[in-house]
Every structure is written in C-alpha cells, then in structure tokens.
Amino acid sequence: MIGRFVRAYRGLRLGTRLALGLGALSLVVFAVVGTALTTYMRDYLSAQLNEQLKLAQLAQSKSIAEHGTLQGKKYYRWYYAVYDVSAGTPVLRTPEEPTDVPDDVEELTSLAKAQSAAHTELVRTEHLAGKGLYRLRACEVEPGVVLVSAAPMDDMEDTVGRLVKIQVVAFGVALLALVVLGRKMLRRGLKPLSDMAHTAHGITSHDLTESAARLPLRADRPGGGAEVEELRTAFNTMLEHIDRSLAVRAQAEQRLRRFVADASHELRTPLMSVRGYADLFQYAAANAPEERDRHLARLRAEAARMGVLLDDLLLLARLDAAEIETPLRMEDADLTELVEQAADAFRASHPGHPLTVAPGPKAVRLRLDPQRVRQVLDNLLTNAAVHTPAGTPVSVEVALGADAALVRVTDAGPGIPPEDRERIFDRFYRVDKARSRDRGGSGLGLAVARSLITAHGGTLTLADTPGRTAFTVALPLTAPTPPGDGGPGAGPAVDGAAPGAAGLRRIGPLSR
C-alpha cells in the first residue's frame with residue numbers, strides 16, 4: 001500500500017508535488033498554531049473560572065461565618081458544601097437547600113479532607129457522577145470550617161470545542177485554497193521548464209543523421225525567475241553548441257566524401273593507364289622491341305605517379321595523427337641554407353622563370369625537419385613556375401619577425417581568382433580545373449605543405465593581389481618538441497641578420 005502511494009506520488013508532475021508538499025507543510029503549521037491557540041484559550045478560561053471561584057468563596061465565607069450557613073445569591077448549577085473538620089475528618093453540614101450539594105458528595109468530601117491537611121486553598125477538576133466535569137475549590141472559612149465550591153466546566157469546554165471547530169474549518173479552507181492556488185501558481189512558474197522539455201522532445205524527433213542537420217528549436221519563452229532564466233540561457237547555449245558541432249560534422253562529412261571521391265578518381269586514372277598499357281604490352285609482346293620499351297616506360301611513369309599520390313596521402317594521414325606518430329625528424333638546421341638549396345634546384349629545373357633571392361640573414365638556425373621544410377619550399381617554388389607563364393619572375397626572401405622566421409615566395413603571375421582562395425588549401429583542389437594532371441599535379445601539394453608547416457608549429461598563408469601572389473611560411477623561433485622527438489626546442493642562432501618584417505600579417509588560409 002505504501003509502495004503504491006510512493007510510486008503514485010513520484011508519478012505526479014513537479015508542480016503538483018510541490019503544491020502537495022506545501023500543503024503538508026502548511027498542515028503542520030496549522031496544527032501547531034491551532035494547538036497553541038486552543039491550549040492558550042483553555043488555560044485562559046480555566047484561570048478565569050478559578051478566579052471566579054475564588055471571588056465567590058470570599059463573599060460566601062463571610063455569610064457562613066455570620067450565619068453558619070450559605071445564604072444570599074447563588075450561581076446556577078454551582079454546588080456548595082460546608083464541612084466541619086474535627087481530627088482531620090470532615091463532616092458535611094446540612095445545606096440550606098438540598099440542591100446546594102450533588103447527590104454524590106464523595107469528591108467534595110475528599111477535597112475538604114485534603115484541604116484540612118494542607119491548610120491552603122486547593123483546586124481540582126473532577127467528574128461528578130451524573131453531573132459532568134466540574135472545577136472544585138476548597139478554602140478554610142475559619143478554623144475547623146472548610147467551604148468546597150464546584151463550578152461546571154461545560155461552558156468552557158463548549159467554548160473550546162467551538163474554537164477547535166472554527167479552526168478546523170478555517171484551516172481546512174485555507175489549506176485547500178493554498179493547495180489549489182499554489183498548484184496553479186507553481187505550474188505557471190514552472191511553465192518555462194515545460195517549454196524546455198517540449199523543446200527537448202522536439203529535438204529528439206529531429207533527424208540528426210542528415211548532413212545538413214540543424215536544430216531550429218529554442219527555449220525562448222520568458223518568465224520563471226532568475227534561476228529559470230539561467231537554466232534557459234544554459235539550455236540555449238547547449239543547443240547553439242550542438243548546432244555548431246552539427247555544422248562542423250556536416251562540413252567534415254562533405255570534405256570526407258569529396259576527399260574519397262577525389263582520391264578514388266585520382267587513383268583510378270593511373271590504375272586504368274597501368275591496366276591499359278599492361279594489356280597493350282601483352283599483345284605487343286611479338287612487336288618491335290622499341291614499342292615494348294615505350295609501353296614499359298609508360299607503365300613505370302603511371303606507377304611512379306600513383307606512388308607519389310599514395311605517398312602524399314600517407315603523409316597527410318600521418319600528419320593528421322601527429323599526436324600518435326609524428327612524421328618529422330627534428331634537428332638543428334639553417335633555414336637560410338635550405339632556401340638557397342631550394343633556389344639552386346629551382347633555377348636548374350625551371351630556367352624559364354628568373355628567380356631572385358632577396359638579401360636577408362646569413363644564417364637562421366632553427367629546430368626543424370630539413371627534408372620536410374625543403375619539400376615545402378620546393379613545392380611553393382614549383383607551384384609558382386607551373387601556374388604562371390614562362391618568363392614570370394619569382395622571388396624568395398628570408399626575414400625575421402618578432403617570434404618567427406619568415407620565408408616569402410612571390411611570383412608576378414596573374415594571381416588567384418577570389419572564388420578559389422577559400423579552398424586553395426583543400427586536398428585535391430585545383431585552381432585550373434582544365435589543367436592536365438601531368439602538369440598541374442594531384443592538388444595535394446599545398447595541402448601537404450600547410451600540414452607540414454602546421455606540424456612544425458608554424459603557419460602557411462597567402463597574400464594575393466592582382467599581378468602578384470605571395471606565400472609566407474612562418475616557423476617559430478623556439479619550436480615546441482613534436483611527439484616522438486626527444487630533443488628540447490631550441491632558439492634561433494642568427495648571423496648577420498638584416499632587418500626583416502616586423503611580424504606575420506595573418507590572411508586567411510589560402511593557397512593553390
């Protein structure tokens with residue numbers, strides 16, 4: 001039974017439970033107040049009756065002392081008994097009227113005997129047989145004479161009883177009104193919580209598996225006080241965070257799908273070429289040796305191209321998981337020397353693009369992976385040659401910023417269209433969609449370059465204006481120790497440093 005009651009109570013709404021709890025608390029308060037008020041009223045009326053008995057006995061004692069019996073005005077339903085006490089034994093005097101004493105005077109006689117022994121006024125509450133509850137008072141009129149008066153307590157009990165009834169009715173009505181009105185007020189005050197619960201239910205019915213999923217619901221109804229407003233703000237902030245997370249997830253899924261599609265397409269082309277040339281080689285086995293050599297050369301070229309693509313994809317994967325395994329081999333190296341080596345290689349491989357190395361520090365020693373940094377420099381220089389017409393001048397510069405060493409690769413080409421700048425570092429993205437893969441590459445070069453520089457704790461940015469494209473590599477002067485590298489970061493050692501740029505101006509992550 002109690003278990004069912006507890007389960008039923010727990011199944012009620014919060015507003016109803018609070019209202020019932022408030023009603024129970026109010027009931028306890030009403031009970032305490034009613035008990036205190038009833039006790040006070042009973043004590044007050046009892047003291048009044050005692051005082052009335054005392055005043056009446058003072059007047060009656062004079063009459064008994066003068067006439068030997070009680071004469072004069074008497075109260076209705078009161079009893080009066082006069083005892084002569086000898087040797088501690090009270091003897092009832094004959095009353096003036098038979099109705100002055102009850103039929104059973106045992107209680108009055110007992111009180112008279114107790115008074116003669118105590119020699120002081122005594123008050124008792126006794127139930128007289130057939131008469132009801134009475135207040136008895138005994139006092140000494142004169143030596144050897146004791147007067148016992150009995151006053152009915154019916155009126156006092158009736159008054160107390162009516163007071164209790166009034167309290168029960170008044171407190172019951174007040175309790176009912178408190179529960180009903182309190183429940184309405186609490187439900188109104190908790191309405192914002194119900195709105196938030198409704199919003200949460202709406203979210204559960206929203207399909208979050210869609211790639212463009214977004215939560216259009218918000219708890220925006222006012223009211224509820226400061227606490228509810230704080231909860232509403234936290235709830236909406238959580239929804240905004242979920243929205244942002246969903247947007248990031250959707251973008252990641254789109255990038256992943258685009259990456260998988262591009263990777264599949266890029267791998268499919270050389271695979272199809274390898275397959276086609278293999279078939280040709282099989283059927284050309286009896287042909288001239290020079291034809292077989294030509295097919296073998298094409299097979300090796302396509303396999304090499306596919307190997308480069310797979311190497312780039314593997315490198316990007318390892319860079320994405322740099323916290324687990326770093327592909328960098330950090331050591332102290334001279335950045336200026338790496339730039340000079342890259343410039344010499346560029347001049348040899350692209351004689352149609354004049355290259356200028358701007359004056360700068362003679363030596364800038366940093367802690368880095370020289371092979372990977374050289375790969376980035378070669379990529380940026382080759383990018384400048386591939387995407388600009390023959391004869392376009394290219395320049396490279398080494399400078400020192402406030403907290404980074406800077407390498408700028410600049411070409412005087414046509415620049416990058418504005419619509420391509422935001423995606424220039426995306427994997428498999430090409431500015432010129434019609435460009436041949438043999439010339440334009442797979443679209444992974446700049447993505448690999450940026451990931452390598454990021455792994456060094458630096459940045460790769462693009463400052464692009466019409467007639468000029470400049471990539472800026474910023475490497476920290478004190479590089480953090482990458483995972484897997486046991487050596488501490490080292491500061492730069494600069495010889496003959498020329499004034500360089502004051503710092504790197506960050507322009508969105510763009511490249512070709």
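User: Where does His 119 lie?
Analyst: Start with how elements are named: helices are DSSP runs of H or I with at least four residues, strands are E runs of at least two, and both are numbered from the N terminus. On that scheme, the loop between α3 and β3 holds His 119. A word on the source: this is a predicted model, in which local features need pLDDT of at least 70 and side-chain atom pairs count only at pLDDT 80 or more, while totals for chains, interfaces and linings use all residues. Residues are numbered from 1 along each chain as its sequence is written, and side-chain values use heavy atoms, with hydrogens and water left out.

User: What is the phi of His 119, and is the residue buried or exposed?
Analyst: Phi is positive, about 60°, although His 119 is not a glycine. For accessibility, buried means under 20% relative accessible area, exposed over 50%, and partly exposed in between, with a 1.4 Å probe and protein chains only. His 119 has 64% relative accessibility, so it counts as exposed.

User: And which loop holds Arg 77?
Analyst: That one is in the loop between α2 (14-67) and β1. Arg 77 is also a residue other than glycine with a positive phi, near 70°. With a relative accessible area of 32%, Arg 77 is partly exposed.

User: Now the sheets. What is the order of the 5 strands in the open sheet?
Analyst: The general idea is that strands of a sheet pair through backbone hydrogen bonds, in either a parallel or an antiparallel way. Two strands count as paired if DSSP finds at least two bridges between them. In this model the order is β2-β1-β5-β4-β3, and the pairing is antiparallel. β2 (89-92) and β3 (122-128) are the edge strands, each pairing on one side only. Direction ignored, neighbouring strands of this sheet are turned by 35° against each other on average.

User: How many bridges pair β3 and β4?
Analyst: There are 7 bridges between β3 and β4 (residues 132-142), in the antiparallel sense.

User: Which strands does helix α3 lie across?
Analyst: For packing, contact means heavy atoms within 4.5 Å. Axes are lines fitted to C-alpha atoms, for helices over the stretch in contact, with angles from 0 to 180 degrees between N-to-C directions. α3 (residues 106-118) lies across β1, β2, β3, β4 and β5 (145-152), and runs at about 165° to β3.

User: Let's move to β10. Why is this strand largely enclosed by the rest of the structure?
Analyst: Here 8 of the 8 residues of β10 are buried, so the rest of the structure largely encloses the strand. Ala 404, Leu 406, Arg 408 and Thr 410 point one way, while Ala 405, Val 407, Val 409 and Asp 411 point the other way, and all are buried.

User: Which strand is joined to β10 by 7 bridges, and which by 8?
Analyst: β9 (residues 394-400) is joined to β10 by 7 bridges and runs antiparallel to it; the two form a hairpin with 3 residues between them. Ser 395 has Thr 410 of β10 as its bridge partner. β12 (residues 468-476), also antiparallel to β10, is joined to it by 8 bridges, and there Asp 411 has Thr 469 as its partner.

User: How many cavities of 30 Å³ or more are there?
Analyst: A cavity is a set of points on a 1 Å grid over the protein atoms alone where a 1.4 Å probe fits but cannot get out, and its lining residues have an atom within 4 Å of a point. Points are joined across faces, edges and corners, and volume is the space filled by probe spheres set on them. The count is 2. The largest has about 100 Å³ and 13 lining residues, with Leu 70, Val 82, Thr 94, Pro 95 and Glu 96 nearest its centre. Strand β1 (residues 79-86) gives the most to that lining, with 3 residues.

User: Which residues line the second largest cavity?
Analyst: Val 339, Ala 342, Ala 343, Leu 377, Leu 381, Val 396, Val 407 and Val 409 line it. Two or more of these residues come from each of α8 (335-349), α9 (370-386) and β10 (404-411), with α8 giving the largest share, 3 residues. The volume of this second largest cavity is about 30 Å³.

Terms used
1 Å grid on protein atoms, 1.4 Å probe; cavity = no way out; pocket = protein on both sides within 12 Å on 5 of 7 lines; lining within 4 Å.
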